[in-house]
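Open the model in your viewer and keep the selection panel handy. We will go from one stop to the next, with a note on what to select and what you will find there.

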Amino acid sequence: MATNNFYEITVILDANFDDKAIQVIIDRTTEFIGKHEGTVKSTDHWGRKKLAYIIDKKTNGYYFQLGVDAPGNFVHLLERHFYIDNDIMRYLIINMDEKELKKRSESIEALNKVAADIERLLNPPPVDTQN
């Protein structure tokens, strides 16, 4: 059995779709991934944002990102799926190697530590004034 790779997949949809239609497209994409031996590890909705440049006469897009474990032949199938799907304006598929994944997890741990420190500074424990 072939080993799986971790892919970071960023997709841009037309921002004019309502939230329900966007969720249908995301569900359709995750279903396609599951049918082709992939596993969605994370989903991150970035939301509606202004595009860096005009695409198909549109200036805004809805961004979402998926973290996927999948075999190597998966990328070709997913690219074909995205090409055929008219709802998808643009996509980017990045194969994340072990070094990048380790660096990302270390960065997340450091950010979580900083966030916890800030939380402690902003919300100190109550001082006991009864003594």
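Start with the largest nonpolar core, which has 20 residues. Select Ile9, Leu13, Phe74 and Leu78, the residues with the most contacts inside it. A nonpolar core here is a set of buried Ala, Val, Leu, Ile, Met, Phe, Trp, Tyr and Cys residues joined through side-chain atoms within 4.5 Å; buried means under 20% relative accessible area, exposed over 50%, and partly exposed in between, with a 1.4 Å probe and protein chains only. The elements giving two or more residues to this core are β1, α1, β3, α2 and β4. Helices (H or I, at least four residues) and strands (E, at least two) are DSSP runs, numbered from the N terminus.

Two notes before you click on: this is a predicted model, in which local features need pLDDT of at least 70 and side-chain atom pairs count only at pLDDT 80 or more, while totals for chains, interfaces and linings use all residues. Residues are numbered from 1 along each chain as its sequence is written, and side-chain values use heavy atoms, with hydrogens and water left out.

Now centre on leucine 78. Not counting residues up to four places away in sequence, leucine 78 touches Ile9, Phe32, Ile33 and Ile93, where contact means heavy atoms within 4.5 Å. Apart from this core lies another, of five residues, among them Ile12, Leu51, Ile55 and Met89.

Next, select helix α2, residues 74-84. Which of its residues are buried? They are Phe74, Val75, Leu78, His81 and Phe82. These residues cover an arc of only 125° around the axis, which puts them on the same side of α2; the arc is that of the directions from the helix axis to the C-beta atoms. Turn to the other side of α2 to find His76, Arg80, Tyr83 and Ile84 exposed. The cover over the buried residues of α2 includes β1, α1 (19-35), β3 and β4 (88-96).

Stay with the aromatic rings, which form three pairs in the structure. Rings of Phe, Tyr and Trp (its six-membered ring) pair if their centres lie within 6.5 Å; planes under 30 degrees apart count as stacked, over 60 as edge-to-face and the rest as tilted. Show tyrosine 7 and phenylalanine 74: this pair is tilted, at 6.1 Å centre to centre and 40° between the planes. Tyrosine 7 lies in strand β1 and phenylalanine 74 in helix α2, so the pair ties together parts that are 67 residues apart in sequence. Then show phenylalanine 82 and tyrosine 91, also a tilted pair, with 4.9 Å centre to centre and 50° between the planes. Phenylalanine 82 is buried at 2% relative accessibility, whereas tyrosine 91 is partly exposed at 33%.

Move to α1. Its buried residues are Ile22, Ile25, Ile26, Thr29, Phe32 and Ile33. Seen down the axis of α1, they fall within an arc of 120°, so they line one face of the helix. They pack against β1, β2, β3 and α2, while Lys20 and Lys35 are exposed on the other side.

Finish with the strands, which pair if DSSP finds at least two bridges between them. Select β3 (residues 58-70): 10 bridges join this strand to β1 (residues 5-14), running antiparallel. Threonine 10 has glutamine 65 in β3 as its bridge partner. Another 11 bridges join β3 to β2 (residues 39-55), again antiparallel. β2 and β3 form a hairpin with two residues between them, and aspartate 56 in the turn has a positive phi of about 50°.
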